[in-house]
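User: Hi! I'm new to reading protein structures. Could you walk me through this one with some questions and answers?

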Amino acid sequence: MENTLSNGNVLPLTSFPRPQNFISADTARPRNIILAQLPADEYGVLARHLVPVDLPLEKHLSEPNQPIEFIYFLNTGLISTDAVTVSGEQVEVGLIGREGFSGLAALLDQPQMSHSVIMQGFGEGLRIRSALARTEFVKGGMFQKIVHAFAYLQLVQITQSVLCNRMHEVEARLARWLLSSADRMESESLHLTQEFLSQMLGVQRSTVTVAAGDLQRCGLIGYSRGRIHILDRPGLTAKACECYGIVNASYVRVLKKGDNGDLNYAL
Ligand SMILES: [Zn+2]
């Protein structure tokens, strides 16, 4: 890593120039659950290097097998982690909302990974150079503890997606995917095209059209102005494959409402 010396020591954050568009540690905490939960001293160190960024739909946060230059903490929006083939086909294996960030591999001292990481729902967040985030991560404080819990949630999702993509019908997968996206976005209204849905599920667009049409006829979802609305969550949950409940149970266990009334990592 660029901030690691040949003797294994890590350069202090003060060795790095401070970005011009930084945020102040004195301002209100971001909505990102990790940044909001950090003790003041740990947050203060990171905040010196966090830069607010808009994150438009389909923005690539990192490319397969390319250096992960920045980590993006989400305040709003939705990140999709996608496995891709050499010919460019892809299938989604994980979702990240404001409970997390892109670029986990960089914190684990791996400069790149084989996934594509893109914005699936537009939003905004805070960007930090991955080397700087790693410097804070290796100190072993609360940041490291929370990142471990976040990594666990990613592992749960990816593992379940392997089974789901192989074993479950498109309609059940679509229902799972809509519910999971809504959970991470904390919104029952999702800005999604069927083209995008077909890419995420790794199936033909016509297949998604049929599956979404069935869900719509059952009154579970509706469309308006380019958005999909979840109209009947219990009904959609009943249609979803078991993967939704399995993954959701992990989220419910790891993320709990704290004294501040917001979600926190249960550590
Ligand atoms: Zn499934």
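User: Which residues does Ile96 touch, not counting residues up to four places away in sequence?
Analyst: This is a predicted model, so every contact here is computed from predicted positions. Ile96 has its place in strand E4. Leaving out residues up to four places away in sequence, the residues it touches are Leu74, Ile79, Thr81, Ser102 and Arg184.

User: Is Ile96 buried or exposed?
Analyst: A residue needs 20 or more other C-beta atoms within 10 Å to count as buried. Ile96 has 25 C-beta neighbours inside 10 Å, so Ile96 is buried.

User: What are the domains of the protein, and how many residues of domain 1 are in contact with domain 2?
Analyst: The domain assignment gives domain 1 as 13-163 + 255-265 and domain 2 as 169-240. Their centres, taken over C-alpha atoms, are separated by 26 Å. On the domain 2 side nine residues take part in the contact, and on the domain 1 side the number is nine.

User: Which element gives the largest share of the side of domain 1 that touches domain 2?
Analyst: Strand E3 (70-84) and strand E4 (90-96) each supply at least two residues of that side. By class, the side has four nonpolar, four polar and one charged residues. The largest share, five residues, comes from E4.

User: How do the buried residues of H10 lie around the helix, and which are they?
Analyst: Helix H10 covers residues 242-254 and reaches 19 Å from its first C-alpha to its last, close to the 18 Å expected. Seen down the axis, its buried residues fall within an arc of 100°, so they line one face of the helix. Those buried residues are Cys243, Tyr244 and Val247.

User: And which exposed residues are on the face of H10 turned away from its buried side?
Analyst: Let's look at both sides of this helix. The cover over the buried residues of H10 includes helix H5 (142-167), helix H6 (170-185) and helix H9 (233-239). The face turned away carries the exposed residues Gly245, Ala249, Val252 and Arg253.

User: What do the buried residues of H2 pack against?
Analyst: In helix H2 (residues 40-47), the buried residues are Tyr43, Val45, Leu46 and Ala47. They pack against helix H1 (33-37), strand E5 (116-129) and helix H4 (130-137).

User: Which phi value does Glu58 have, and where is Glu58 found?
Analyst: Most residues other than glycine have a negative phi. Glu58 is found in the loop between strand E1 (51-55) and strand E2 (60-62). Glu58 is exposed, with 11 other C-beta atoms within 10 Å. Its phi is positive, near 70°.

User: What about the phi of Glu186?
Analyst: Glu186 has its place in the loop between H6 and strand E6 (189-191). With 11 C-beta neighbours inside 10 Å, Glu186 counts as exposed. Although Glu186 is not a glycine, its phi is positive, about 55°.

User: Stepping back, what is the radius of gyration of the protein?
Analyst: The protein has 10 helices and 10 strands. The globule rule gives 18 Å for 267 residues, and the value for the protein is close to that, so the protein is as compact as a globular protein of that length. The radius of gyration is 19 Å.

User: And what percentage of the residues count as buried?
Analyst: The C-alpha atoms fill a box of roughly 60 × 45 × 30 Å, taken along the principal axes. Of the 267 residues, the share that counts as buried is 40%.

Terms used:
Residues are numbered from 1 along each chain as its sequence is written. This is a predicted model: local features need pLDDT of at least 70, side-chain atom pairs count only at pLDDT 80 or more; totals for chains, interfaces and linings use all residues. Domain bounds come from an automatic or database domain assignment. Two residues are in contact if their C-beta atoms, placed from the backbone, lie within 7 Å. Helices (H or I, at least four residues) and strands (E, at least two) are DSSP runs, numbered from the N terminus. Ala, Val, Leu, Ile, Met, Phe, Trp, Tyr, Cys and Pro count as nonpolar, Asp, Glu, Lys and Arg as charged, and the others, Gly among them, as polar. The expected span of a helix is 1.5 Å times one less than its number of residues. A residue is buried if 20 or more other C-beta atoms lie within 10 Å of its own, exposed if 12 or fewer, and partly exposed in between; C-beta atoms are placed from the backbone. The arc is that of the directions from the helix axis to the C-beta atoms. The radius of gyration is taken over C-alpha atoms; the globule rule is 2.2 Å times the number of residues to the power 0.38.
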